[in-house]
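These are my notebook entries on a single structure. I set down each item that I looked up, together with what I found.

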Amino acid sequence: MIVIKTEEEITKMRAAGHLNYLTREHLKSIIRPGITTREIDEAAGEFIEAHGGIPSSKGYEGYPGNICVSVNEEVVHGIGSDRVLKNGDIVSLDIVVELDGYQADACETVPVGDINKEKAYLLKHTEGALYAGLNEIKAGVKLGCVSARIEDYAKKHNLGVVRELVGHGIGREMHEEPDVPNYGKYNTGITLKAGMTLAIEPMLTAGKRYVRILNDDWTIVTQDKKPSAHFEHTIVVREDGYEILTGE
Ligand code: MF3
Ligand code: CO
């Protein structure tokens, strides 16, 4: 069942989303070569709790971190550890915040110091793929148009589309219906309605699209060890477009 949210619920999701945004800004202000991924994870947990929120990923299906911190070839679900970030790394900050009973999910992949051209291109066009998909969204459009547009954008820019993980509905729960794959066919799938809240989240790779899971049973990495990026916003479908709930 796809839950349509009332304006009152959307206001709560926007508040959770704003805290998610502030958390990302805080983390970006402390990330530099020499910081460990555990320090990033702990800073996120402290910041979210200091603002009255809950880091929803903690304990989700046994996940040990407050947020997901994924470096370079790690696509998603990286766990904060003693790993020290180096100049030239990229790091994905995938954050789910609960506030007043509602969830907001967003991710940004950020550079650590100076990054090479391959990584800069990957970051620019993974964010580009997110906005290409978002710009399809309005009431009456088929969800497959969003998926297909993300896939088209990624292919046009020669980037791999990870298929094993997908975007999703979101609200009281982190994961609600429907699934939102980052590949698909135009004019297929469910019809978007005003008040649906979705997390749209392309995960793209600089090399091939194939992934595997590490022995920690969480971290997903590219098989070819090429870098991967992940950009995500939680949005609400409007009659004439969409509104980002995890922005400023
Ligand atoms: N943020 C992820 C998503 O986009 C979910 C985090 S998985 C968890 O759906 F286990 F870390 F919570
Ligand atoms: Co998500």
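**Metal site.** I began with the cobalt ion (ligand 2) and listed its donors: Asp-105 through OD, His-168 through NE2, and Glu-201 and Glu-232 each through OE, at 2.1 to 2.2 Å. I note that the model is a predicted one. Along the sequence, I read the spacing of the donor residues of the cobalt ion (ligand 2) as D-x62-H-x32-E-x30-E. I then located the two glutamates: Glu-201 is in the loop between β9 (197-200) and β10 (203-205), while Glu-232 is in the loop between β13 (228-230) and β14. The pair is 31 residues apart and links distant parts of the chain. I checked the accessibility of Glu-201 and Glu-232 and found both buried.

**Salt bridges.** My search of the structure returned 15 salt bridges. I examined three of them.

Arg-238 pairs with Glu-7, and I find 2.6 Å between the closest N and O atoms. Arg-238 belongs to strand β14 (residues 233-238) and Glu-7 to helix α1 (residues 7-30), so that 231 residues separate the two in the chain. For Glu-7 I record a relative accessible area of 45%, which is partly exposed.

The next entry is Glu-243 with Arg-14, whose closest N and O atoms are 2.7 Å apart. Because Glu-243 lies in strand β15 (residues 241-244) and Arg-14 in helix α1, this pair ties together parts that are 229 residues apart in sequence. Glu-243 is partly exposed at 22% relative accessibility, and Arg-14 is partly exposed at 29%.

I then asked which residues are linked in a network of salt bridges. They are Glu-7, Arg-14, Arg-238 and Glu-243.

Is Glu-74 buried or exposed? At 11% relative accessibility, Glu-74 counts as buried, because the cut-off for buried is under 20%. Arg-83, at 29%, counts as partly exposed.

**Sheet.** I traced an open sheet of 3 strands in the order β3-β12-β11, with antiparallel pairing. Strands β3 (74-76) and β11 (211-213) are at the edges; each has a single partner strand, so one side of each is left without a neighbour in the sheet. On average, neighbouring strands of this sheet are turned by 40° against each other, direction ignored. Between β11 and β12 (residues 220-222) I find 3 bridges, and the two strands run antiparallel. I also looked up the bridge partner of Val-211 in β12, which is Thr-222.

Tyr-63 is in the loop between β1 (54-55) and β2 (68-71) and Trp-218 is in the loop between β11 and β12, so the pair ties together parts that are 155 residues apart in sequence. I find Tyr-63 buried at 3% relative accessibility, and Trp-218 buried with a relative accessible area of 18%.

I made a separate entry for Arg-163, whose charged end sits over the ring of Tyr-183, 4.0 Å from the ring centre.

**Backbone.** Most residues other than glycine have a negative phi, and most peptide bonds are trans. I therefore looked for exceptions of both kinds.

The peptide bond from Glu-177 to Pro-178 is cis, with omega near 0°. Pro-178 is located in strand β8 (residues 176-180).

Asn-158 has a positive phi, near 65°. I place Asn-158 in the loop between α4 and β6 (160-161), and at a relative accessible area of 66% it is exposed.

Asn-187 also has a positive phi, near 60°. Its loop runs between β8 and β9, and Asn-187 counts as exposed at 58% relative accessibility.

**One distance.** Finally, I looked up the separation of Glu-136 and Glu-61, which are 75 residues apart along the chain: their C-alpha atoms are separated by 32 Å. Glu-136 is in the loop between α3 (117-134) and α4 (143-156) and is partly exposed, with a relative accessible area of 24%.

Notes. Residues are numbered from 1 along each chain as its sequence is written. Chains are lettered from A and ligands numbered from 1 in the order in which they are written. This is a predicted model: local features need pLDDT of at least 70, side-chain atom pairs count only at pLDDT 80 or more; totals for chains, interfaces and linings use all residues. Side-chain values use heavy atoms; hydrogens and water are left out. Two strands pair if DSSP finds at least two bridges between them. Helices (H or I, at least four residues) and strands (E, at least two) are DSSP runs, numbered from the N terminus. Axes are lines fitted to C-alpha atoms, for helices over the stretch in contact, and angles run from 0 to 180 degrees between N-to-C directions. A salt bridge is a side-chain nitrogen of Lys or Arg within 4 Å of a carboxyl oxygen of Asp or Glu. Buried means under 20% relative accessible area, exposed over 50%, partly exposed in between (1.4 Å probe, protein chains only). Donors are N, O and S atoms within 2.8 Å of the metal (3.2 Å for Na, K and Ca); water is not among the atoms, so sites may look incomplete. A charge sits over a ring if NZ of Lys or CZ of Arg is within 6 Å of the ring centre and within 35 degrees of the ring normal.
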